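The following exercises concern how two chains meet. Please work through each task before reading its solution.

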There are 2 protein chains.
Amino acid sequence: MSNPKLTELRTQIDELNLQILNLINKRGQLVQEVGKLKEVQGTNRFDPVRERAMLDLIQENNNGPFETSTLQHIFKEIFKANLELQHDDHRKALLV
Amino acid sequence: MSNPKLTELRTQIDELNLQILNLINKRGQLVQEVGKLKEVQGTNRFDPVRERAMLDLIQENNNGPFETSTLQHIFKEIFKANLELQHDDHRKALLV
């Protein structure tokens, strides 16, 4: 399918994919820093109140086309990935 | 926990969340346009070759800290959400 309009849209989607990829990784780095702070303070890495606040922020700022529930589902996957990353960091710290 | 460094990191994370939210929605709009083009051309909306190419692009451009498999999992959730959105659009078009 060599429709020029389709090719153009796909190029734009690829660019968005890379931007999203970079932001998710940047977010990962920040959450790693939060994890280190919490490690020092001895507080739990998983904070349901903070997670709820982030999901509420998604709801308040969603202009579509996606349903808020769909976006919240995607963000929960991002949060989960971050918790796993912090868990790995914690395990590595214990092994040092 | 009122650590000023933590508050600053959380503000940065909130900003990233909103940027990611907006990019996912922008991506949704572009994929809706792709869906309309495919509707006209009578081609299938789900294209496994295109999906594989996008996942490969993630792999090639991942600088961490996340594992590529983790990021690909998150992106598959985004792709799935888009397919559902296109399905809804298709259903609405049939109902007109």
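**Exercise 1: The interface between the chains**

Task: State how much area chain B and chain A bury between them, and on which atoms.

Solution. Chain B and chain A bury about 5,300 Å² between them, with 72% of it on carbon and sulfur atoms; buried area is the accessible area (1.4 Å probe) that two parts lose on being put together, summed over both. The model is predicted: local features need pLDDT of at least 70, side-chain atom pairs count only at pLDDT 80 or more, and totals for chains, interfaces and linings use all residues. Residues are numbered from 1 along each chain as its sequence is written, chains are lettered from A in the order in which they are written, and side-chain values use heavy atoms, without hydrogens and water. Next, 52 residues of chain B contact 52 residues of chain A (heavy atoms within 4.5 Å).

**Exercise 2: Salt bridges**

Task: Give the count of salt bridges between chain B and chain A, and describe the one formed by K5(B).

Solution. The count is six salt bridges, each a side-chain nitrogen of Lys or Arg within 4 Å of a carboxyl oxygen of Asp or Glu. In one of them, the side chain of K5(B) meets that of E33(A) at 3.9 Å, N to O.

**Exercise 3: Symmetry**

Task: Determine which rotation superposes chain B on chain A.

Solution. A rotation of 180° with 0.0 Å of shift along its axis does so, at RMSD 0.0 Å (least squares on the C-alpha atoms of residues with pLDDT of at least 70 in both copies). The two copies are therefore related as by a two-fold rotation axis. Of the residues of chain B, I20(B) comes closest to the rotation axis, its C-alpha lying at 3.0 Å. Finally, 100% of the contact residues of chain B recur in chain A, so the same surface serves both copies.
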